[in-house]
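Open the model in your viewer and keep the sequence panel beside it. The stops below go from the whole chain to single side chains.

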Amino acid sequence: MVLDKAGTPLVLRDVPKPKSGRGQVLVRVNACAICRTDLHIVDGELPDPKLPLILGHQIVGRIEEIGEAVLSSLGIRHSSFAVGDRVGIPWLGWTDGDCAYCRSNRENLCDHAKFTGYNIDGGYAEFTVADARFCFHLPGKYNDVDVAPLLCAGMLGYRSYRKTGDARRLGIYGFGNAARLIVQVALYEKKEIYGFTRPGDRADQTAARSLGAVWAGGSDEMPPEKLDAAIIFAPVGGLVPAALRALAKGGIVACGGIHMSDIPSFPYVDLWSERVVCSVANLTRQDGEEFLGLAPRVPVKTKTETFPLEEANTALEKFRAGKLSGTAVLVVGKD
Ligand SMILES: [Zn+2]
Ligand SMILES: [Zn+2]
């Protein structure tokens, strides 16, 4: 399924089977979960995607071919893969390994990073190629469909969650896929969850409580206790001052989305007393490895709704309209 131009539907088209270049693996795709970022790309809210583009950055498949090894200071990580292995391909698809960020363990901020399904063709396809150094082995406990949402919603959610340090009372704004996954980890680590939904969204508030939130309410409400931290997953800038007002002194607000509407101005007193606002960008391979190690122990359960590859537009529309019963996963092939 190919995106030719932002603002237009994806087109089902035969394209040549990609070849694995140096350091790459050719992967036969079994499943690819859909992320909100895919919608932002289709809607033209993220600048300069590769066009035409194959979307998709939560890819699960089997290695069909391994390209020639690349010997460099980055190592030859793909020696840990063999033909036939199941792999996960995430959002972070390539870094230069050489810029100031990469050399200080912040490859998520790499100046020249390339992202799967954005600058590199992704997984809304039968085959894809990926830089082996950025692929993951996946826990055997999960099938292909259930593990796919862990690759972005899970990993990005995990990075956002780690930004909140040892916060005990944790507010979550926006109960989408990432929130639902990371709440399970937070509860496993004995955190108290306060769930914030759109004002009056009783269904989501009930869902938040059933996931284990000690309190759930509208984003216009104050929690019964001041929060140590909050994570904002909804792409709504107005939630930043709202979350700051709900924080105890020294608390942190982590914005987990790649795109957000403008943040309205707010009085400095709401930030005063060492409150912090930060954003969370991309992921590092270490985040991914940590989360995939932790997920089966919790165990993090995913809820999915599957679609055949050729119904990607339907899946995107249902996502946009908030009509999905779980993370949309395109089912492409089978082992
Ligand atoms: Zn994503
Ligand atoms: Zn770099």
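A contact here means heavy atoms within 4.5 Å. Among contacts in the protein chain between residues at least 6 apart in sequence, 70% link residues at least 24 apart. Keep in mind that this is a predicted model.

Start with the whole chain in cartoon view. Its secondary structure comprises eight helices and 15 strands. Along the principal axes, the C-alpha atoms fill a box of roughly 55 × 45 × 40 Å. The radius of gyration is 20 Å, in agreement with the value near 20 Å for a compact globule of 335 residues.

Switch to a surface. Of the 335 residues, 53% count as buried.

Next, show the aromatic side chains; the structure holds seven aromatic pairs. Select tryptophan 91 and tyrosine 118. Why does this pair count as stacked? The ring centres are 5.7 Å apart and the planes meet at 15°, and planes under 30 degrees apart count as stacked. Tryptophan 91 sits in the loop between β3 (86-89) and β4 (92-94), and tyrosine 118 in the loop between β5 (114-115) and β6 (127-131), so the pair ties together parts 27 residues apart in sequence. Both tryptophan 91 and tyrosine 118 are buried.

Move to tyrosine 268 and tryptophan 272, a tilted pair with 6.2 Å centre to centre and 50° between the planes. Tyrosine 268 is exposed, at 56% relative accessible area, and tryptophan 272 is exposed at 52%.

Finish by selecting Tyr173, Tyr194, Phe196 and Trp215, which form one aromatic cluster.

Definitions and conventions. Residues are numbered from 1 along each chain as its sequence is written. Chains are lettered from A and ligands numbered from 1 in the order in which they are written. This is a predicted model: local features need pLDDT of at least 70, side-chain atom pairs count only at pLDDT 80 or more; totals for chains, interfaces and linings use all residues. Side-chain values use heavy atoms; hydrogens and water are left out. Helices (H or I, at least four residues) and strands (E, at least two) are DSSP runs, numbered from the N terminus. The radius of gyration is taken over C-alpha atoms; the globule rule is 2.2 Å times the number of residues to the power 0.38. Buried means under 20% relative accessible area, exposed over 50%, partly exposed in between (1.4 Å probe, protein chains only). Rings of Phe, Tyr and Trp (its six-membered ring) pair if their centres lie within 6.5 Å; planes under 30 degrees apart count as stacked, over 60 as edge-to-face and the rest as tilted.
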